[in-house]
Amino acid sequence: MIRAAEACACPIQEIGPAMAGSCPGQFFLFMSILESFLNGRCDLADPCKRVTDTQDPDASYDFVVVGGGTSGAVVAARLSENPQWKVLLLEAGGDEPTPSAVPAFVTAYWGRQDTDWLYKTVPQKKACLSKGGVCSWPRGKFLGGCSVINGMMYMRGNPSDYDSWAVNGADGWSWFEVLPYFLRSENNKELGAGVSSQHHTAGGPIPVQRFRYAPRFAHDVVSASIELGYPPTSDLNGDTNTGFTIAQAMNDEGSRYSTARAFLRPASQRKNLHITLNALVSRVIIDPTSKRVTGVEYIKNGKTKSVAVLKEAVLSGGSLNSPQILLLSGVGPKETLEKFNIPVIKDLPGVGQNLHNHVGVNLQFTLNKEPEVPELNWSTAIEYLLNRQGVLSSTGMSQLTGKVNSRFASSGGRNPDIQYFFGGYYASCGDGSVGDEALKSNKRRSVSISVVALQPRSRGYLTLQSTDPTQPPLMEPNYFYDDHELKVLIDGAKIAYRLANTTILREKYGMAPTNDHGRECPGGGSNPTDEYFKCLAMLHTAPENHQVGTCKMGSHKDPMAVVDPQLRVFGIEGLRVVDSSIMPQVPSGNTAAPAVMIGERGAEFIITRHQLKSRFGSSYDDVQNHHSEGANEDKKQDGRWKGWKQWQNQGYYPHQDWHAKNNVHHR
């Protein structure tokens, strides 16, 4: 019998919207009953730590953080650790719903106006053709952002990704330099049991470990990959960065850990941190003469309001919202601003440019020896309700991944350019039945493999469609504009077909390409041609939610850079961008962990700047690397290093102090 809801130390409030409405009608009754049980669980509802919505913020704050998503939640929490600073976080959505803590409900809040920005690209000429060329980009619209709706996979990318950033103008962002900031947020619960302390650590806010459950088929895929010659690995963030594995994820004891849960909830009782929900930021207010941020304007309950900024405003709206806010604030390409009659505060040509994303091809396979039986029923639901185990405690096949080198990857084998994502064995919806009827039918189970090109060369852009901040920006990713991605995907698709035809998957599961998938493409069948896979990629495109680059980080010499290596917007005082939009090039893997790292790094830049300023006056870091003429720039750089020398002479080394305090060392 299912136990009654626990007696919690604080009253439980159902935080919606309801999840059951995301399932088809025949599942609604069962899912509603299940959801009512989930809402009554203290560990999922977490009532004592939930944030309080500050309906009427104060007139001014030291820091205003725009966006409480994957990076913004980190920034706001870290800044509020200083009790002398007042911090306001403005979030366009609400609090994260209670059922979102259940890993299996990973897609429950996609495609809903109240929880998803519902962003779609402009029609593509070479991609998403099965959907009229329009690609959907689900983006979380609540505290935690995409960390509430993603697959939770903990991947950092290849070390060479960050070294490339540093070489190309992002000083201080090499792998050696960013690793401590990955470690700072990590609480790895499998140290010595598949992952090494050489690459991971414990004690951070985000628990990282494998899910408590994985389908048997996922384990067999890993075995099959060994038959293809890929060495077994338990950690693609470690010494071996190629091969297939059941990945670690941001979860704990059977539930999701978003950045809102990890960072904001522990900080929710701080008097100096205010969080205002359902507040859509319309622009940053910048003095046109001094070029200094003076406030932030936002819309709440249909009314436009503003709050003054005393020290800095931080944009953490993500790769699609942060550049839109900059443009609405008068910062961006002059021709775009003039087109929409927006007063030009700073002509920055790079705002909205360099938009890119991981892109792939979706392959469908049928397991001819495996019946299509629903994963979610009363038995598996009770297993989760009582013990936080079973199918609801995981994401099915989505936790399985693999990284390999295509023929086009750089030499040396340490920079894989293909990643595989798997789909199937989902427990997201059900009607409570155990599937007896399904066992009697001839319906076979389907699984998918998305082959993704990790190092895309195609670049697109983002711009305004309207000066109305409630309207989405125009998003043009230019998928497959450069044929390089298609060549990589053709190579990767062939490897996927070989994987499906390995002994264990062929003999045990009868795995074979689904007959009617890609029937529109010529050259299919038992021996598909390159043209078939190329057609399939353009027809059944698999766009990931790893959009980056629209507020590119770089040196003052890069005309397309928007922020400097300390994430300060060029030419504007008191404004930074701290989110995935600053990435010059997308990392070779999932972007959630890198977005957290950027939040940690950005917060430390801000903390260091203002703590040192109060200690030493204005000699350090009142300097900004603006796009300016050479002589003035040299003076600014000289001033910066004079401040650094004074910092050293005082014997203050914040990076080293932090490493010692947290027992983290470069390795």
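Reader: Which hand does the link of Cys 8 and Cys 42 have?
Author: Left-handed, with -110° about the S-S bond. This is a predicted model, where local features need pLDDT of at least 70 and side-chain atom pairs count only at pLDDT 80 or more, while totals for chains, interfaces and linings use all residues. Residues are numbered from 1 along each chain as its sequence is written, and side-chain values use heavy atoms, with hydrogens and water left out.

Reader: OK. How far apart are the sulfur atoms of Cys 8 and Cys 42?
Author: They are 1.4 Å apart. The pair counts as a disulfide under the rule used here, a pair of cysteine sulfur atoms within 2.5 Å.

Reader: And where do Cys 8 and Cys 42 sit in the chain?
Author: Cys 8 is in the segment before H1, and Cys 42 is in helix H2 (residues 42-45). That makes a link between distant parts of the chain, 34 residues apart. Helices here are DSSP runs of H or I with at least four residues, strands are runs of E with at least two, and both are numbered from the N terminus.

Reader: Is Cys 8 buried or partly exposed?
Author: Cys 8 counts as partly exposed because its relative accessibility is 22%. Cys 42 has a relative accessible area of 18%, so that one is buried. The cut-offs are under 20% relative accessible area for buried, over 50% for exposed, and partly exposed in between, with a 1.4 Å probe and protein chains only.

Reader: What does Cys 10 pair with?
Author: Cys 48, at 2.1 Å from S to S. The torsion about that S-S bond is about 110°, so this disulfide is right-handed. Cys 10 lies in the segment before H1 and Cys 48 in the loop between H2 and strand S1 (60-66), so the pair ties together parts that are 38 residues apart in sequence. Cys 10 is partly exposed at 24%, and Cys 48 is partly exposed at 34%.

Reader: How many disulfides does the count come to?
Author: 5 disulfides. Counting bonded cysteines along the chain, the pattern runs 1-4, 2-5, 3-8, 6-7, 9-10. Among them is Cys 128 to Cys 135, S to S 2.1 Å, right-handed with 115° about the S-S bond. Both of those cysteines, Cys 128 and Cys 135, are buried.

Reader: Switching topic. How many residues are in the largest nonpolar core?
Author: It has 89 residues, and those with the most contacts inside it are Leu 79, Trp 173, Leu 264, Val 296, Leu 326, Leu 567 and Leu 575. Helix H15 (residues 592-616) gives the largest share, 8 residues. A core here means a set of buried Ala, Val, Leu, Ile, Met, Phe, Trp, Tyr and Cys residues joined through side-chain atoms within 4.5 Å. A second, separate core of 57 residues includes Val 221, Val 404, Ile 449 and Met 475.

Reader: Where is Leu 567 found?
Author: In the loop between strand S24 (541-543) and strand S25 (575-577). Leu 567 counts as buried because its relative accessibility is 0%. Leaving aside neighbours within four places in sequence, its contacts (heavy atoms within 4.5 Å) include Trp 173, Met 553, Ile 598 and Phe 605.

Reader: And what is the phi of Leu 567?
Author: Near 70°, a positive value in a residue other than glycine. Glu 253 also has a positive phi, near 50°, and is placed in the loop between strand S8 (249-252) and strand S9 (255-256).

Reader: Last one: which peptide bond is cis?
Author: The one from Gly 16 to Pro 17, with omega near 5°. Pro 17 is in the segment before helix H1 (28-39).
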